[in-house]
Amino acid sequence: MNTSMPHEISFAGKSCVVFDAYGTLLDVHSAVQRHAERVGPEAASLSALWRVKQLEYSWVLSLIGRYESFWSLTEQALDYALARHPTVNPALRQPLLDAYRALDAYPEVPDVLSRLREAGLRIAILSNGNQAMLDRAVSSAGLADRLDAVLSVDDVQVFKTSPKAYQLVLDRLGGTEAEVMFCSSNRWDVAGASAFGFIPVWVNRQGMPDEYPDLPPVAMVKDLAGLA
């Protein structure tokens, strides 16, 4: 890992802090974790593959100029993951999808969002999730009253890292790129935000090595507690 990456974060000149949802505010692996005993010893592998394929499908569709809702991709990715794990009972498909609709927020998230708002910053989500998916997730995680906006790429019909996705923030919240701090646990998303001109922070929850050296974050934190 690049240990020289800066960790000091300044909100000077920033009007809003925008967060990715899945993996940044919401624990994408909590769906399988809730049913880990029923899933069995392949729970972690199933969850990891589900996430990998979900993202892969979004990138492939964007590159070929097509679009489906993120929820549809979530369903397709789970079907693939279950097919690759034939020892897992396929009857768990619906319980796992129901759990994904109501993912757990990471423990520090509610308090950090509240403190940032108290500091006078507007707080928003920009996510690949479609609006109905996001609204349910935000409500079930108890985050709705801590957010000023929940933005979905469904409105532009293309996934991150398309510049059209990041442009949604400026179109809805106003201001300039330099006024937006963008936080994501996905290094590819940080790269996309950097290329667009946002001030990106990498929430490196998994302690992953750095990549995309030409599109760096301004800082790296291990969780959102590093922000406030």
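The model is predicted: local features need pLDDT of at least 70 and side-chain atom pairs count only at pLDDT 80 or more, while totals for chains, interfaces and linings use all residues. Residues are numbered from 1 along each chain as its sequence is written, and side-chain values use heavy atoms, without hydrogens and water.

Select residues 70-84 (helix 4) and 93-100 (helix 5): their axes come within 11 Å and cross at roughly 140°. The crossing is right-handed. Now show side chains. Trp71, Thr74, Glu75, Leu78, Asp79 and Leu82 of helix 4 meet Arg93, Leu96, Leu97 and Tyr100 of helix 5 (contact means heavy atoms within 4.5 Å). Six of these contact residues are nonpolar, one is polar and three are charged.

Next, select helix 8, residues 163-173. Its buried residues are Ala165, Tyr166, Leu168, Val169, Leu170 and Leu173 (buried means under 20% relative accessible area with a 1.4 Å probe, protein chains only). They pack against strand 1 (16-19), strand 2 (122-127), strand 3 (149-152), strand 4 and helix 9 (187-196).

Finish with strand 4 (residues 180-184) and strand 5, which pair in the parallel sense over four bridges (pairing requires at least two DSSP bridges). Pick Met181 and its bridge partner in strand 5, Ile199. Strand 5, residues 199-203, is mostly covered, with four of its five residues buried.

Methods:
Axes fitted to C-alpha atoms, helices over the stretch in contact; angles between N-to-C directions. Helix = DSSP H or I, 4+ residues; strand = E, 2+ residues; numbered from the N terminus. Left-handed = near helix turned anticlockwise from the far one by under 90°. Nonpolar A, V, L, I, M, F, W, Y, C, P; charged D, E, K, R; others polar. Buried < 20%, exposed > 50% of the residue type's maximum accessible area, 1.4 Å probe, protein only.
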